[in-house]
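The sequence and the structure come first.

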Amino acid sequence: MLLDTRFGRLQPNAVSHVPVLRFSGDVTGVWYDELDTRWRRKGFVLGGITGADALFVLETLANDRGRRVVSRTPLDLPRVKDVEAVRWIIAPHHPSVSA
């Protein structure tokens with residue numbers, strides 16, 4: 001699970017076996033250090049609460065790895081520098097399904 005600390009110290013639901021990665025707006029380090037390697041394997045699903053800007057970047061990178069945003073919900077949190085908080089899930093999709 002990815003949590004964007006720009007929106008405060010968000011607490012994920014109590015799911016003890018799910019690793020939580022925190023970052024502040026720029027997902028570059030998370031991509032290079034964690035996601036790219038994991039998204040090269042089968043079946044990795046990712047959820048998070050981030051800014052819409054970070055989700056845009058993740059969505060673009062995910063598409064290159066056979067994944068897409070399957071759920072997107074704007075949250076009623078204060079905007080940070082006019083960026084909306086979004087809860088989302090990115091999951092693998094079959095190549096025959098248009099994105």
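Arg6 and Asp53 form a salt bridge, with 2.8 Å between their closest N and O atoms. The two residues are 47 positions apart and link distant parts of the chain: Arg6 lies in the loop between E1 and E2, and Asp53 in helix H2 (residues 52-64). A salt bridge here is a side-chain nitrogen of Lys or Arg within 4 Å of a carboxyl oxygen of Asp or Glu. Helices (H or I, at least four residues) and strands (E, at least two) are DSSP runs, numbered from the N terminus.

Arg6 has a relative accessible area of 23%, so it is partly exposed; Asp53, at 33%, is partly exposed as well. Buried means under 20% relative accessible area, exposed over 50%, and partly exposed in between (1.4 Å probe, protein chains only). Arg6 and Asp53 also belong to a network of salt bridges that includes Asp4.

## Basis of the model

The model is predicted: local features need pLDDT of at least 70, side-chain atom pairs count only at pLDDT 80 or more, and totals for chains, interfaces and linings use all residues. Residues are numbered from 1 along each chain as its sequence is written, and side-chain values use heavy atoms, with hydrogens and water left out.

## Other salt bridges

The whole structure holds 7 salt bridges. Side chains of opposite charge can pair when their charged atoms come close. One of the bridges joins the side chains of Glu34 and Arg38, at 2.9 Å from N to O. These two residues are separated by about one helical turn, because they are 4 residues apart in helix H1. Glu34 is partly exposed at 24% relative accessibility, and Arg38 is partly exposed at 24%.

Another salt bridge is formed by Glu59 and Arg72, whose closest N and O atoms are 2.9 Å apart. This pair links distant parts of the chain, with Glu59 in helix H2 and Arg72 in strand E4 (residues 67-74), 13 residues apart. Glu59 counts as partly exposed at 27% relative accessibility, and Arg72 is partly exposed with a relative accessible area of 46%.

Asp36 sits in helix H1 (residues 28-39). Its relative accessibility is 14%, so Asp36 counts as buried. The side chain of Asp36 makes polar contacts with the side chains of Arg40, at 3.2 Å, and Arg65, at 2.8 Å. A polar contact is a pair of N or O atoms within 3.5 Å; within protein, one must be able to donate a hydrogen and the other to accept it, and residues adjacent in sequence count only if both atoms are side-chain atoms. With neighbours within four places in sequence left aside, Asp36 is in contact (heavy atoms within 4.5 Å) with Trp31 and Arg65.

Asp26 is found in the loop between E2 and H1. Asp26 is exposed, with a relative accessible area of 52%. Asp26 and Ala54 are 28 residues apart in sequence, and their C-alpha atoms are 6.7 Å apart in space.

## Strand pairing

Strand E5 (residues 85-92) runs antiparallel to strand E3 (residues 46-51), and 6 bridges join the two. E4 and E5 also run antiparallel, joined by 7 bridges. Two strands pair if DSSP finds at least two bridges between them. Ile89 in E5 stands opposite Gly47 and is also the bridge partner of Ser71.

## Surface and overall make-up

Met1, Val18 and Val20 form a nonpolar surface patch with about 180 Å² of accessible area together. Patches are made of residues with over 30% relative accessible area and no salt bridge: like charges are joined within 9 Å, nonpolar side chains (Val, Leu, Ile, Met, Phe, Trp, Tyr) within 5 Å. Val18 is in the loop between strand E1 (2-4) and strand E2 (21-23), and counts as partly exposed at 33% relative accessibility.

The chain has 2 helices and 5 strands, which follow the pattern β-β-α-β-α-β-β along the sequence. Of its 99 residues, 33% are buried. Among contacts with a separation of 6 or more, 58% come from residues 24 or more positions apart. The chain exposes about 6,200 Å², and carbon and sulfur atoms supply 52% of that area. Accessible areas come from the Shrake-Rupley method with a 1.4 Å probe; for residues, only the protein chains shown count as cover.
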